[in-house]
Amino acid sequence: MKRLIHSMATVLILSTIAPAVQAQAISLQPVATPSQGRVVNRKALTLEGARVIIAAAVAEARRKNAPGGAIAVVDEGGNLIALERLDNTFGAAANVSIGKARTAARFKHPTKFFEDAIKNGRISLVAMPDFTPLQGGVLIEVEGQIIGAVGVSGAASAQQDEEIAIAGANAL
């Protein structure tokens with residue numbers, strides 16, 4: 001009789017525990033969250049990073065004895081983060097540098113690419129709004145990811161604008 005009671009108790013305990021064990025096994029399965037496949041982690045340029053880029057660009061402008069220069073840094077969406085205009089730079093250079101940086105960031109190409117395309121006959125590009133296809137806008141990339149762009153205007157030439165922008169972009 002003692003054995004029978006022990007066997008019945010064991011069956012009762014196992015039947016009570018089994019669903020809980022099974023439920024626990026199911027809850028340990030990886031559960032897809034609603035955001036999987038819909039959200040990505042990206043690197044983003046900070047104000048401090050923009051300041052480092054501008055400092056490097058200013059140093060390059062001084063090293064090259066550039067007559068002036070406006071340096072704009074934008075995020076990957078083309079939104080302005082920081083701007084600096086050196087003394088003796090013509091006033092419109094600030095807006096031109098923002099346009100170059102914005103164009104490079106939004107179209108994911110250096111602005112020289114567009115200037116060359118237009119020179120080679122692709123003049124329909126000039127019809128795009130808010131587009132500055134002038135050499136001097138370059139991308140800022142970290143580990144293969146575009147995180148922004150630098151635009152420079154007001155140096156001695158378009159080539160020098162681009163060299164200063166590249167020096168800034170390489171500072172990160």
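Student: Among contacts between residues at least 6 apart in sequence, what share joins residues at least 24 apart?

Tutor: The share is 64% in this chain. Keep in mind that the model is predicted.

Student: Which elements does the chain hold, and in what order?

Tutor: The chain has five helices and four strands. From the N terminus they run α-α-β-β-α-α-β-β-α.

Student: What makes Phe114 count as buried?

Tutor: Its relative accessibility is 5%. Buried means under 20%. Therefore Phe114 counts as buried.

Student: Why is Phe107 called partly exposed?

Tutor: Phe107 has 32% relative accessibility.

Student: How do you know that the pair of Phe107 and Phe114 is edge-to-face?

Tutor: The ring centres are 5.6 Å apart, and the planes stand at 70°. A pair needs centres within 6.5 Å, and edge-to-face needs planes over 60 degrees apart.

Student: Why is the pair of Phe113 and Phe114 edge-to-face?

Tutor: Their centres lie 5.1 Å apart and their planes meet at 85°, so this pair is edge-to-face. Phe107, Phe113, Phe114 and Phe131 form one aromatic cluster.

Student: Which residues of helix 4 are buried?

Tutor: In helix 4, residues 111-119, they are Thr111, Phe114, Glu115, Ala117 and Ile118.

Student: Why do the buried residues of helix 4 line one face?

Tutor: Seen down the axis, they fall within an arc of 160°, so they line one face. Their cover includes helix 3 and strand 3.

Key:
Residues are numbered from 1 along each chain as its sequence is written. This is a predicted model: local features need pLDDT of at least 70, side-chain atom pairs count only at pLDDT 80 or more; totals for chains, interfaces and linings use all residues. Side-chain values use heavy atoms; hydrogens and water are left out. Helices (H or I, at least four residues) and strands (E, at least two) are DSSP runs, numbered from the N terminus. Contact means heavy atoms within 4.5 Å. Buried means under 20% relative accessible area, exposed over 50%, partly exposed in between (1.4 Å probe, protein chains only). The arc is that of the directions from the helix axis to the C-beta atoms. Rings of Phe, Tyr and Trp (its six-membered ring) pair if their centres lie within 6.5 Å; planes under 30 degrees apart count as stacked, over 60 as edge-to-face and the rest as tilted.
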